[in-house]
Amino acid sequence: MDLDALYKLTHGLYILGTMDGNRPVGSVVDAVMQVANKPMVVALSCNNQSYTKECIEKNGEFSLSVLCKGVDPFVIANFGFQSGRNVNKWENVDYCIVDNMPYLNDNIAMIRCKVLQSIIYDSNTLFIAEVTDSKNNKDCEPLTYLDYRSYFKEEVMKKFQEVKQQKEKEKMAEENKNEGKHWVCTVCGYVYDGDVPFEDLPDDWVCPLCGVDKSFFELQ
Ligand SMILES: Cc1cc2nc3c(=O)[nH]c(=O)nc-3n(C[C@H](O)[C@H](O)[C@H](O)COP(=O)(O)O)c2cc1C
């Protein structure tokens, strides 16, 4: 099979969003298309490892934020290169919640969908969903998957590396700041020297000398 032939099927690029309880989750998707207009129906294909997919299966709804060609490449890296299982991706971008669905503020259109049907393949789950709300926002050309493959991917990778390195630097600076310091009980002066890092002790842990809780300890 010649995969390059399949890349010639053109797609847009969207931020897919949904809710995991009270927490917004989401990912980048290109596999979206309108498949009927009465009712207004779209098809969305999610890969089966995606956490966003799991959450859509639970709550039956999702949002699409349509991206503009000028979108910050970090947005793609943030939503496409890490999983909502470990990261709160929406915290890293400007977003809004409309009727309990998250959207990227920097969108050119917002589309809300309710799942009608799903078809499960070995690799992907295809959601057939009705459009229940939509809003056209900005007049800007939509970003396509072809843009991503032909020039945008490099910028996205670069941005992701920059942000990762910056985070590592901040983590190291924080660790160095704490080096040589100890958590000390401000009530009785007990110095914590256990094997478990102080931050990882359970909330109900208490000072073994005077019995006060963790909040009475200071890094000194
Ligand atoms: C350009 C691009 C297009 C993507 N298209 C899709 C897609 O159509 N469907 C899909 O499930 N994942 C797609 N992905 C991958 C997901 O965005 C990625 O696996 C993400 O980390 C999943 O996060 P989650 O586990 O929080 O759902 C795409 C990623 C990129 C960078």
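What follows is a short chat about the fold and the salt bridges of this predicted model.

Reader: What radius of gyration does the chain have, next to what a compact globule of 220 residues would have?

Author: The C-alpha trace spans about 70 × 40 × 35 Å along its principal axes. A compact globule of 220 residues would come out near 17 Å, but the chain has a radius of gyration of 23 Å.

Reader: How many salt bridges turn up in the whole structure?

Author: There's charge to work with, as the chain has 23 positive and 34 negative charges, with mean positions 5 Å apart. A search of the whole structure gives a total of eight.

Reader: Which residues does the network with Lys69 join?

Author: Start with Lys69 and Glu141, whose closest N and O atoms are 3.6 Å apart in a salt bridge. That pair links distant parts of the chain, with Lys69 in the loop between β5 (61-66) and α3 (73-80) and Glu141 in the loop between β9 (124-136) and α4 (145-178). Glu141 is exposed at 54% relative accessibility. Salt bridges with shared partners make one network of Lys69, Glu141 and Asp147.

How values were computed:
Residues numbered from 1 in each chain as written. Predicted model: local features only at pLDDT ≥ 70, side-chain atom pairs only at ≥ 80, totals over all residues. Heavy atoms only, no water. Rg over C-alpha atoms; globule rule 2.2 N^0.38 Å. Lys, Arg positive; Asp, Glu negative; His and termini not counted. Charge placed at Lys NZ, Arg CZ, Asp CG, Glu CD. Salt bridge = Lys/Arg side-chain N within 4 Å of Asp/Glu carboxyl O. Helix = DSSP H or I, 4+ residues; strand = E, 2+ residues; numbered from the N terminus. Buried < 20%, exposed > 50% of the residue type's maximum accessible area, 1.4 Å probe, protein only.
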